[in-house]
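Please open the structure in your viewer and keep the selection panel at hand. The stops below say what to select next and what is there.

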Amino acid sequence: MPAKLYIDLKQLRKNISILAGVSPQSKMIAVLKTNAYGHGAVKLANSLKDLDLSYIAFANTQEGIKVKRGGYDKSILILGANEVDDVLTGIKEGFTVSIASFEALQAVKNFDISGLEEIKLHIKFDTGMNRAGIGMRRAYEFLDIFADLLKNRPKIKCEAIYSHMSAADEADNSFNQMQHDRILDIKNIYKDKIGKDIKVHLQNSAGILNFPNYKFDWIRPGLAIYGINPGTKDERGLKPILSWRAPIVNIRTLKKGDAVSYKMNWLAKKEERVATVSVGYGDGYSFRNSNGVGVGFIGGQRCEVLGRVCMDMTVFNLGKAPAKVGDLVTLLGSDQEKSIDACEVALRIGTVANDVVSSLSPRNQRIYSN
Ligand SMILES: Cc1ncc(COP(=O)(O)O)c(C=O)c1O
């Protein structure tokens, strides 16, 4: 009996519509990379087909191909930075691809595009994160080469330039304004070098919610479409679309001194009722939940993890929770009056909410509702 992920597609569409309302002047690129942050990219993409999205976006071409083969027939954007082969495969697949390096630019320049129709590119610039994209210091040099490419290969169109925010969850951090200003500087340089206006995108979820005064042509939300708070005080009615529940496969009563799980590092101080639950780090339930860090809800009661999380199983202390074999333990979502979300789990185990959900492995059964 695998653990189950219940995914509410109606709430997904509601979250998208809330975000569109926050930034009504912008079109939307919905970020569905890493299997739609663990929610299941093929299913989610297909459920969004009739929305007015400019793109769904992935980290690499393989992710895009999986969704295309799964029946999604609308526009796909591949975000940078990627290996050169990945960029060229993306072009062959008809995706809009990011150019985030001089190497990628050179490869596109040398690529035989005779059999292809129009090729759409976005250029990624690095406005301060020092991770991916063309750095500010080399923007002139890059755009000189790019101007030549556009002149000599009319099939190649540049649709947008973009960058990524480093600290958009820190609403008071002036680094955000600096990145905002820098991408606008690049927009001006682009106009000088290429002789045309270019569209721009910058904001991830926290950028959209914390800086609604930034007015760019597209927004690029990930976390917020799944209803996960990206680090904003005003959630504007966004709600998680995911609940994670795992079945109890065994209940036993321990005597004082009995040990639980590998390495015997939890010992019962008194008689305790404990439940073995069919979830482990093989499902994405982090090992860092071990030894009382992780909690689940059973019959509306908060229950702690005992001992080590294993690959397929985890033991929870039932306390006074009414429970029987087959009942489901809530690991994310609501149970009666109680609830736990990805941000709380992240805080408990010392990570970020993106890590909690994108770790949800294929072994979980995904159950979708409309
Ligand atoms: C380039 C880019 N844009 C947008 C996003 C979406 O970010 P978030 O999930 O914080 O909204 C990501 C995710 O990391 C990204 O890498």
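**Around the ligand**

Begin by selecting the ligand, which is surrounded by Val31, Leu79, His164, Asn204, Ser205, Ala206, Arg220, Pro221, Gly222, Leu223, Ala224 and Pro230 (a residue is near if its C-beta atom, placed from the backbone, lies within 6 Å). By class, this shell has 7 nonpolar, 4 polar and 1 charged residues, where Ala, Val, Leu, Ile, Met, Phe, Trp, Tyr, Cys and Pro count as nonpolar, Asp, Glu, Lys and Arg as charged, and the others, including Gly, as polar.

The model is predicted, with pLDDT of at least 70 required for local features and 80 or more for side-chain atom pairs, while totals for chains, interfaces and linings use all residues. Residue numbers start from 1 along each chain as its sequence is written.

**Helix 1**

Next select residues 9-22, helix 1 (helices are DSSP runs of H or I with at least four residues, strands runs of E with at least two, numbered from the N terminus). Leu12, Asn15, Ile16 and Leu19 are its buried residues, whereas Lys10, Ser17 and Gly21 on the other side are exposed (buried means 20 or more other C-beta atoms within 10 Å of the residue's own, exposed 12 or fewer, with C-beta atoms placed from the backbone). Seen down the axis of helix 1, the buried residues fall within an arc of 100°, so they line one face (the arc is that of the directions from the helix axis to the C-beta atoms).

**Strand 14**

Finally select residues 272-277, strand 14, which runs antiparallel to strand 11 (residues 242-254) and is joined to that strand by 6 bridges (strands pair if DSSP finds at least two bridges between them). Here isoleucine 248 stands opposite valine 277. Strand 14 also pairs with strand 17 (residues 314-317) in the antiparallel sense, over 4 bridges, and threonine 276 has valine 315 as its bridge partner in strand 17.

Note on methods:
Expected span 1.5 Å × (residues − 1).
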